[in-house]
Amino acid sequence: MAALAAPQRLEAVTPEVVADSRRVLGRALAESRRSAGVTQERLALLVRRSRSSIANVEVGRQIAPREFWMACDVALGCEGALLAAWGRTDALARRLREQKKEAQIRYLLAQPSPGCVCRELHRLLAESGWSS
C-alpha cells in the first residue's frame with residue numbers, strides 16, 4: 001500500500017480577504033467599463049441586468065455569477081481579464097467555504113456523543129465530496 005503524502009497546508013482565507021477581493025474585482029469592472037466609454041445603464045442593457053446590480057457589483061456589495069463576468073468581458077472587450085479576476089475571487093470564496101466545513105468537521109469529531117454527531121459528520125463529509 002502506497003504511503004499517503006502529507007496534505008499540503010493551504011493558507012487560511014478570511015471573510016475580509018474575500019470581501020476585499022470582491023471590491024477589487026468590482027473596481028476592475030468599473031475601470032474597464034469607463035475605459036470602454038460605457039455607462040452603467042448601457043452595460044446593464046448589454047448583460048441583461050439592472051443598473052443598480054451593475055453599481056452594486058462595482059462596489060463589491062453584490063455577488064455575480066460566472067456568466068455575468070463572461071458577458072461583461074465580451075461587452076467591454078476585456079479578452080478574458082474580468083473572467084480571470086472573477087475566477088481568483090471565486091477560488092477564495094470556495095476556500096473559505098471549505099475552511100468552514102473543515103472547522104465543523106473538526107468540532108464534530110471532538111464531541112463525546114457519537115449519536116447525532118455521526119449523522120451531521122456524515123452529511124458534511126458527503127457535501128465535501130467524501131464517499132462512504
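This is a short tour of a predicted model, one selection at a time.

Before you click, some ground rules: residues are numbered from 1 along each chain as its sequence is written, and side-chain values use heavy atoms, with hydrogens and water left out. In this predicted model, local features need pLDDT of at least 70 and side-chain atom pairs count only at pLDDT 80 or more, while totals for chains, interfaces and linings use all residues.

**Stop 1: two crossing helices.** Select residues 40–47, helix α2, and residues 51–58, helix α3. (Helices are DSSP runs of H or I, at least four residues, numbered from the N terminus.) Their axes come within 8 Å and cross at roughly 105°; axes are lines fitted to C-alpha atoms over the stretch in contact, with angles from 0 to 180 degrees between N-to-C directions. The two helices are therefore roughly perpendicular, a label that covers 65 to 115 degrees. Now show the side chains of Q40, E41, L43, A44 and V47 on α2, and R51, I54, A55 and E58 on α3, which make the contact (heavy atoms within 4.5 Å). Five of these residues are nonpolar, one is polar and three are charged. Here Ala, Val, Leu, Ile, Met, Phe, Trp, Tyr, Cys and Pro count as nonpolar, Asp, Glu, Lys and Arg as charged, and the others, Gly among them, as polar.

**Stop 2: E58.** Stay on α3 and pick E58. Is E58 buried or exposed? E58 is buried, with a relative accessible area of 8%; buried means under 20% and exposed over 50%, with partly exposed in between (1.4 Å probe, protein chains only). Not counting residues up to four places away in sequence, E58 touches R23, G26, R27, L29, A30, R33 and Q40.

**Stop 3: the aromatic pair.** Next, select F68 and W69, which form an edge-to-face pair, 5.1 Å centre to centre with 90° between the planes. (Rings of Phe, Tyr and Trp, the last by its six-membered ring, pair if their centres lie within 6.5 Å; planes under 30 degrees apart are stacked, over 60 edge-to-face, the rest tilted.) Searching the whole structure turns up one aromatic pair. Both F68 and W69 are buried. Leaving aside neighbours within four places in sequence, W69 contacts L25, L29, V57, A64, L82, L83 and W86.

**Last stop: L124.** Jump to helix α6, residues 115–127, and pick L124. L124 is buried, at 0% relative accessible area. Beyond four places in sequence, L124 is in contact with K101, Q104, I105 and L108.

Definitions and conventions: Angles under 35 degrees count as roughly parallel, over 145 as roughly antiparallel, 65 to 115 as roughly perpendicular and the rest as oblique.
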